[in-house]
Every structure is written in structure tokens, then in C-alpha cells.
Amino acid sequence: LPFQEMRLTALACNIIVVTGGTIVFIRNRQVDFKKIIPLVLLSVPMAYLGATVKISERTFFIVLGASLIVAAILLWIKTNRKDEAQQAKPNVIKDGMLGGSIGFLSGMVGIGGGIFLSPLLNLINWDTARKIAATASIFILANSIAGIAGQLTQLPADINYGRIIMLCIAVLIGGQLGSRTGAVKFNLLMIRRMTAVLVLVAGVNVLLKYL
């Protein structure tokens with residue numbers, strides 16, 4: 001796919017996947033907006049800014065490949081934490097910088113940012129596992145919307161919207177099947193490790209092709 005179309009498709013698919021989960025988390029009162037706002041407040045404009053940055057195709061794929069490798073490492077790291085574990089004290093400045101940095105990268109390469117945010121928040125014991133998952137869902141949703149808004153300012157005229165719609169439908173179906181299957185039949189750590197391997201292979205392949 002043309003890389004401009006790839007970024008738009010990825011962000012649209014992100015929105016489809018996390019919208020349902022975000023609604024569920026809000027209904028179950030797993031969302032702490034006071035802690036989420038510092039993360040999202042700076043990430044949204046930075047995601048928009050990142051999406052407006054004009055980069056060459058080679059630069060895009062190098063950044064994407066490196067990002068995927070880092071994400072794979074973060075996903076592989078196991079954190080032995082319990083929901084009742086002592087939480088880190090809120091730090092508005094640190095959370096804002098973290099959210100803004102991930103937001104900029106999200107907009108530039110077309111990822112929601114949750115693949116970076118969730119492992120990092122677990123590593124610093126930011127909150128309970130469920131609330132971190134809820135935070136990541138809202139973070140991905142907000143950044144994906146901002147990233148799409150930024151990309152709309154420089155989309156090529158020949159972009160294939162029909163293909164994007166078909167891929168979004170496929171992601172909707174696959175996401176529903178995957179969430180139900182993963183909740184019942186598979187160990188969550190195993191799913192994380194499998195995802196880490198797939199992301200690592202993708203990142204290495206991209207770098208080998210474009211470096």
C-alpha cells in the first residue's frame with residue numbers, strides 16, 4: 001500500500017477496535033479521567049502535529065520499523081504486578097511528556113500509541129492493570145482521531161477509500177472474534193508474547209528492506 005494510505009488505514013482500524021472497549025471501560029467505571037487527562041491533553045495536538053509532518057517513504061518505514069522493534073521488546077517484558085500493588089504517585093509533567101512523545105510518534109507513523117503506553121505504564125506501576133488498559137484504549141482512540149485529522153491535510157488525490165473501508169470491516173469482524181476467543185481460551189501472557197514476536201518480525205523485515 002502507499003504509505004500515506006497505510007497510515008490512514010491503520011488509524012481508522014485503531015478507532016474501530018478500541019471504541020467498543022472504551023465504552024465498556026467507561027460503563028464499568030475503570031476510567032480515571034483525572035489521571036488520563038495529563039496523558040491525553042498533550043498527546044492529541046502532538047499526534048496531529050506528527051501526522052502533518054512531511055516525511056519521505058524511506059524515512060517513514062525506517063521510523064516504523066524501529067518503533068515496532070521497541071514495541072515488541074516492551075510487549076515481551078513481563079511485569080509481576082497485582083491490582084492492589086502500590087501505585088506510583090501522579091506526576092502531571094512526566095505524564096504529559098510521556099503522552100506527548102508517544103502521541104507525536106503515533107501521528108507520524110500511524111499507530112495509536114497504546115502498544116507503547118500500556119507496557120510503560122505497567123513498568124512504572126502507574127495504576128491497576130485494568131485502569132491501565134482503560135487508559136490505553138482512550139489514549140489510542142484520541143490519538144487516532146487526531147492523527148487522521150492531521151493526515152487529512154495532505155492526503156493524495158488517488159487514495160483508495162474503498163480498500164480502506166474493506167480493511168476496516170475486516171478489522172471489526174476480526175477484533176470481535178479475537179476479543180471473545182482471547183477472553184476464553186488463551187492465556188493473556190501468551191497472547192502478549194505471540195504479539196511481541198509478530199511485531200518484532202514485522203519491524204525487522206521493514207528495516208531490512210529500507211535501510
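## Ground rules

The model is predicted, so local features need pLDDT of at least 70 and side-chain atom pairs count only at pLDDT 80 or more, while totals for chains, interfaces and linings use all residues. Residues are numbered from 1 along each chain as its sequence is written, and side-chain values use heavy atoms, with hydrogens and water left out.

Helices here are DSSP runs (H or I, at least four residues), numbered from the N terminus.

## Helix α1

Helix α1 covers residues 3-27. Its 25 residues should span 36 Å at 1.5 Å a residue, and its end C-alpha atoms are 36 Å apart, which agrees. The expected span is 1.5 Å times one less than the number of residues. α1 also has a kink of about 35°, centred on Val-18. That bend is the angle between axes fitted to the seven residues ending there and the seven starting there.

Several α1 residues are buried, among them Phe-3, Leu-8, Leu-11, Val-18 and Thr-22. Buried means under 20% relative accessible area, exposed means over 50%, and partly exposed lies in between (1.4 Å probe, protein chains only). Thr-22 counts as buried because its relative accessibility is 7%. Thr-22 touches Ser-137, Ile-138 and Leu-141, not counting residues up to four places away in sequence. Contact means heavy atoms within 4.5 Å.

## Helices α2 and α6

Two packed helices are described by the angle between their axes and the distance between the axes. Helix α2 (residues 33-52) and helix α6 (residues 129-151) pack at about 25°, with axes 8 Å apart. That makes α2 roughly parallel to α6. The axes are lines fitted to C-alpha atoms, for helices over the stretch in contact, and angles run from 0 to 180 degrees between N-to-C directions. Angles under 35 degrees count as roughly parallel, over 145 as roughly antiparallel, 65 to 115 as roughly perpendicular, and the rest as oblique.

α2 passes α6 in a right-handed crossing. The residues in contact include Phe-33, Ile-36 and Leu-39 of α2, and Ile-138, Phe-139 and Ala-142 of α6. A crossing is right-handed if the near helix is turned clockwise from the far one by less than a right angle, and left-handed if anticlockwise.

Ile-132 also lies in α6. At 1% relative accessibility, Ile-132 counts as buried. Ile-132 and Leu-117 are 15 residues apart in sequence and 8.8 Å apart in space, C-alpha to C-alpha.

Helix α8 covers residues 188-210. Its 23 residues should span 33 Å, and its end C-alpha atoms are 33 Å apart, which agrees. Buried residues of α8 include Ala-196, Val-199 and Gly-203. Their cover includes α3 (57-76) and α5 (114-123).

α3 and α8 pack at about 155°, with axes 8 Å apart. The two are therefore roughly antiparallel to each other. α3 passes α8 in a left-handed crossing.

## Two residues with positive phi

Most residues other than glycine have a negative phi. Arg-29 has a positive phi, near 60°. Arg-29 sits in the loop between α1 and α2. At 75% relative accessibility, Arg-29 counts as exposed.

Asn-125 also has a positive phi, near 55°. Asn-125 sits in the loop between α5 and α6. Asn-125 is buried, with a relative accessible area of 18%.
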